[in-house]
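This report describes one protein chain from its secondary structure down to single residues. Please look through the sequence and the structure below before reading on.

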Amino acid sequence: MFGKRPANGFASPGATPAPTPQAAAPARSVSTQVPRSTDMIRQPEPAKPVHVMQEIVRSEEYYQTKSMIFGALIEAIDLAQLAKLDSESAREEIRDIINEIISLKNLVLSIAEQEDLLTDICNDILGYGPLEPLLARDDIADIMVNGPNRTYIEVGGKIQQTTIRFRDQQQLMNICQRIVSQVGRRVDESSPICDARLPDGSRVNVIAPPLAIDGAALTIRKFKKDKLTLDQLTRFGAITPEGASILKIIGRVRCNVVISGGTGSGKTTLLNCLTNYIDDDERVITCEDAAELQLQQPHVVRLETRPPNLEGQGSITMRDLVKNCLRMRPERIIVGEVRGPEAFDLLQAMNTGHDGSMGTLHANSPREALSRIESMITMGGFSLPSRTIREMIVSSVDVIVQAARLRDGSRRITHITEVLGMEGEVIITQDVVVYDITGEDANGKLAGLHRSTGIGRPRFWERARYYNEEKNLAAALDAMEVRPEAGTG
């Protein structure tokens, strides 16, 4: 398929080298320069700080040898034909050529070193290079690449440094471009900021030089392969079973919900969990900057914003999407994250018959969430009196669910708060469920409990009665009041 490879040049007939920096590396004999097998991969140093991952540390000689083999491979292989193969067949073809190169170059490598080289080079050509082993791990929440030589991850709510590094700045930019091009976007000097997503929905942000001074900064918010549910959040201690029942009822009875929280507090995960309780016969339309919501309903329309093109034309903003939603006969509108003037259109949708709409925003408390909605509408250029905006918020938003990441790295739902009405110029809210921190154990983990505030009949009681859920709501509220110890964790 790839043509016969001459022994002296590895090139297939008619094949041209790919325009990559590695292919331009001068061919040279490495028999006297390639390190012996014992020098290829250094073992981890015995004394490592606790916050640094224990991984195999690659030597400079390893990267030099890998670069040389990579350059010879690019000359030897027909990339157009390789692209037509499935992943396993492509790996086998690459394996054969690498073994041939190692043999002809008289490189002394152990089987383990050959496997490491093969894995790394296959990841470079077929995947996301050094990021592949991190993306394969399901315990990582965030991957943060600060230039080609420094990569951090978040595990268990704590940031750790890894030994992952890129060959150079160009390889990092190539991988960034590969990621964003899959969703029809680009990142370069003329467009150095880009939001994108991976095929599994993981959120990606890239900011490239000249804005990023020390090299491209790549941030990936990873999603678990198995989608989290409210029952799993209950097992993790984010909410009690009774609190989860209240959230299920809120999602089922079509309350308009705003999920508020700081960065990394689990807003999108919680939104995914709440959408599990939307009936299958409802038409749901989602609007996002980068499509990351993973709704399970059969009747879902997913919309995504679009950045401007090279001429600065053709951008589609979140507000454009939310306005267009209203013409698509939605029953629920889900906005991935409210950041600007689209807050006005979301409130309009909630207030014009699209009950059960949801959205997330950044705020540190339910009251701050209301203030942020008001400020975002004001920043959008709407010349409306503050009282008018607040009345619109009161008539649109039913419940605010507050998520937080605590200092021990754990994530908790700290408030379930409902919006009651106006008293003069002030919006009145009341907490239905709150989370109280009660102490700290010997391992530094915070302990606390979720409790009902004693509200017997929340404002959405009549809505729960309409959907025959008032008995379940009353039982959950009573249980949280009489058994607060159930929320410890």
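In what order do the nine strands of the open sheet lie? The order is S11-S10-S12-S13-S9-S14-S15-S16-S17, and the pairing is mixed. Two strands pair if DSSP finds at least two bridges between them. Helices (H or I, at least four residues) and strands (E, at least two) are DSSP runs, numbered from the N terminus. Strand S11 (300–304) and strand S17 (446–452) are at the edges with a single partner strand each, so one side of each has no neighbour in the sheet. From one strand to the next, the twist averages 25°.

This is a predicted model, in which local features need pLDDT of at least 70, side-chain atom pairs count only at pLDDT 80 or more, and totals for chains, interfaces and linings use all residues. Residues are numbered from 1 along each chain as its sequence is written, and side-chain values use heavy atoms, with hydrogens and water left out.

**The chain as a whole**

The chain has 16 helices and 17 strands. Of its 489 residues, 49% are buried. Buried means under 20% relative accessible area, exposed means over 50%, and partly exposed lies in between (1.4 Å probe, protein chains only). Among the contacts in the chain with a separation of 6 or more, 58% are between residues 24 or more positions apart. Contact means heavy atoms within 4.5 Å.

**Strand pairs**

| Strand pair | Sense | Bridges | A bridge pair |
|---|---|---|---|
| S12 (residues 332–335) and S13 (residues 358–362) | parallel | two | valine 335 and glycine 359 |
| S3 and S8 (residues 217–221) | antiparallel | five | methionine 144 and threonine 219 |

S3 and S4 form a hairpin with four residues between them, and glycine 147 in the turn has a positive phi of about 85°.

Axes are lines fitted to C-alpha atoms, for helices over the stretch in contact, and angles run from 0 to 180 degrees between N-to-C directions. Helix H11 (residues 318–325) lies across strand S10 (284–288), S11 and S12, and runs at about 170° to S10.

How do the axes of helix H12 (residues 342–350) and helix H13 (residues 366–379) cross? They come within 7 Å and cross at roughly 115°. H12 and H13 are therefore roughly perpendicular to each other; angles under 35 degrees count as roughly parallel, over 145 as roughly antiparallel, 65 to 115 as roughly perpendicular and the rest as oblique. In the contact, Ala343, Phe344 and Leu347 of H12 meet Ile373, Met376 and Ile377 of H13. The residues of this contact between H12 and H13 divide into six nonpolar, no polar and no charged. Here Ala, Val, Leu, Ile, Met, Phe, Trp, Tyr, Cys and Pro count as nonpolar, Asp, Glu, Lys and Arg as charged, and the others, Gly among them, as polar.

Helix H14 (residues 386–396) has the buried residues Ile389, Met392, Ile393, Val394 and Ser396. Their cover includes H12, H13, S15 and S16.

**Single residues**

Valine 257 belongs to strand S9. Is valine 257 buried or exposed? Valine 257 is buried, with a relative accessible area of 0%. Leaving aside neighbours within four places in sequence, its contacts include Ile250, Leu274, Met350 and Val401. Methionine 358 is also in contact with valine 257; the two are 101 residues apart along the chain, and their C-alpha atoms are separated by 4.8 Å.

Threonine 234 lies in helix H8 (residues 230–236) and is buried, with a relative accessible area of 18%. Beyond its neighbours within four places in sequence, threonine 234 is in contact with Ile239, Thr240, Pro241 and Ala244.

The structure holds one aromatic pair. The ring centres of tyrosine 466 and tyrosine 467 are 5.1 Å apart and the planes are at 85°, so the pair is edge-to-face. Rings of Phe, Tyr and Trp (its six-membered ring) pair if their centres lie within 6.5 Å; planes under 30 degrees apart count as stacked, over 60 as edge-to-face and the rest as tilted. Tyrosine 466 is exposed, with a relative accessible area of 67%.
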